[in-house]
Amino acid sequence: MKLELKKYVLQLKHTFTISRESHDTQDTLIACLSQDGETGYGEATSNPYYKITFESMQAEIEAIRTEIEHFDFQNPEKFHEFLVGKELSNFSICALDLAAHDLYGKLLKKPLYAIWNTSPENYPITNFTIGIDSVEKMVEKMKEQPWPIYKIKLGSDRDLEIVEQLRRETDACFRVDANCGWTSEQAIELSHKLKELGVEFLEQPLKPADLEGLKKLKEHSALPIIADESCILEEDVPKCAGYFDGINIKLTKCGGLTPALRMIQKARELNLKVMVGCMTESSVGISAIAQLLPQLDYVDMDGAMLLKEDIATGVQILDGGKIVFPEVAGSGVRLL
């Protein structure tokens, strides 16, 4: 295989704010793996919360470039096993794993969902994320992008007021993500009020370490609770069963599609709902997520919709959430 790494600085349409950070741009690494006339593309974004930068990913991948380029590539699973043995960060593994899956599908001339024996006839609609801002700005963002499902980022001292005011503007389904910004008492009280305002579920309202609070919340919440920061790796899935109603899998955090597929299977065995979420990323990462759609209950794959300009073509998300899968095999990605 031939390896190429590319850096892009993605420009966002609006400042994106969650409970712990804000940003206007997003650094991202695109990994390109080529073999037999085909090229597969994978992506991993930088992430200050996990201390991941483009430079840190580039350095650890470059350190094993020769081994990657001499690897006898037969399938993504064996390649992923090889990468895990090199002790790379999961973000770096994700970029390479996504590229390997895309390449594998292109070599077989099949989309990934077909290789996995799934059909994209029925799939969940992605939510569109509204970051924390003034209520006026949040309303403006909703009007700019009418959508059937919104994920509302919360974690301020006026969360209920925000949702009440947003509800006056739309009858869309709401999901709430507090990014660990609440206490169990807050979350329990708000869950009952938010349910009345048409909120579908709460995503990671408490810090992962607050197991006592999470257990209390699971018992008394009026809404389902979906794990995010509490569910990073494969081994986290069974740990979530007693505290959450479902899990949100992030490909960059778990290390790509290979472990994500196993996490989905384990969650089903434990009767947990399954969601896959995205970072603020391009259509390279989003198109990989889309291949999993037939296996999911919920999805958050609006990352490329938040950008001023995309850097790739792939899966298209039309108004109202309809997905158009490209004729290109694999993840369906082509860099612009």
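Predicted model: local features only at pLDDT ≥ 70, side-chain atom pairs only at ≥ 80, totals over all residues.
Let me start with helix H8, residues 184–196.

Helix H9 covers residues 211–220, and its buried residues are Gly-213, Leu-214 and Leu-217. These residues lie on the same side of H9, because they cover an arc of only 100° around the axis. What do the buried residues of H9 pack against? They pack against H8 and strand E8, residues 225–227. On the face of H9 turned away from the buried side, you find the exposed residues Glu-212 and Glu-219.

Now the E11 end of the sheet. Strand E9, residues 246–250, pairs with E10 in the parallel sense over five bridges. E10 itself spans residues 273–277, and its parallel pairing with E11 is made over three bridges. There, Gly-277 is the bridge partner of Asp-300 in E11. How many of the five residues of E10 are buried? Four are, so E10 is largely enclosed by the rest of the structure.

Strand E2, residues 22–35, and strand E3 run antiparallel and are joined by eight bridges. Leu-29, for example, has Ala-44 in E3 as its bridge partner. Two residues lie between the strands of this hairpin, and Asp-36 takes a positive phi near 50°.

E3 covers residues 38–45, and eight of its eight residues are buried. Here burial means under 20% relative accessible area. In a regular strand, side chains alternate between the two faces of the sheet. For E3, Glu-38, Gly-40, Gly-42 and Ala-44 point one way. Thr-39, Tyr-41, Glu-43 and Thr-45 point the other way. Both sets are buried, so with that cut-off of under 20% neither direction from E3 carries an exposed residue.

Finally, the whole chain. The count is 13 helices and 15 strands. Along the principal axes, the C-alpha atoms fill a box of roughly 55 × 40 × 40 Å. How does the radius of gyration fit what a compact globule would have? For 336 residues such a globule would have a value near 20 Å, and the chain has 19 Å, which agrees.

On burial, 57% of the 336 residues in the chain are buried. The accessible surface comes to about 13,900 Å², and carbon and sulfur atoms account for 47% of that. As for contacts, take those with a separation of 6 or more: 65% of them are between residues 24 or more positions apart.

Definitions and conventions:
Residues numbered from 1 in each chain as written. Heavy atoms only, no water. Pairing = 2+ DSSP bridges. Rg over C-alpha atoms; globule rule 2.2 N^0.38 Å. Buried < 20%, exposed > 50% of the residue type's maximum accessible area, 1.4 Å probe, protein only. Contact = heavy atoms within 4.5 Å. Areas by Shrake-Rupley, 256 points an atom, 1.4 Å probe, with all protein chains shown as cover. Arc of directions from axis to C-beta.
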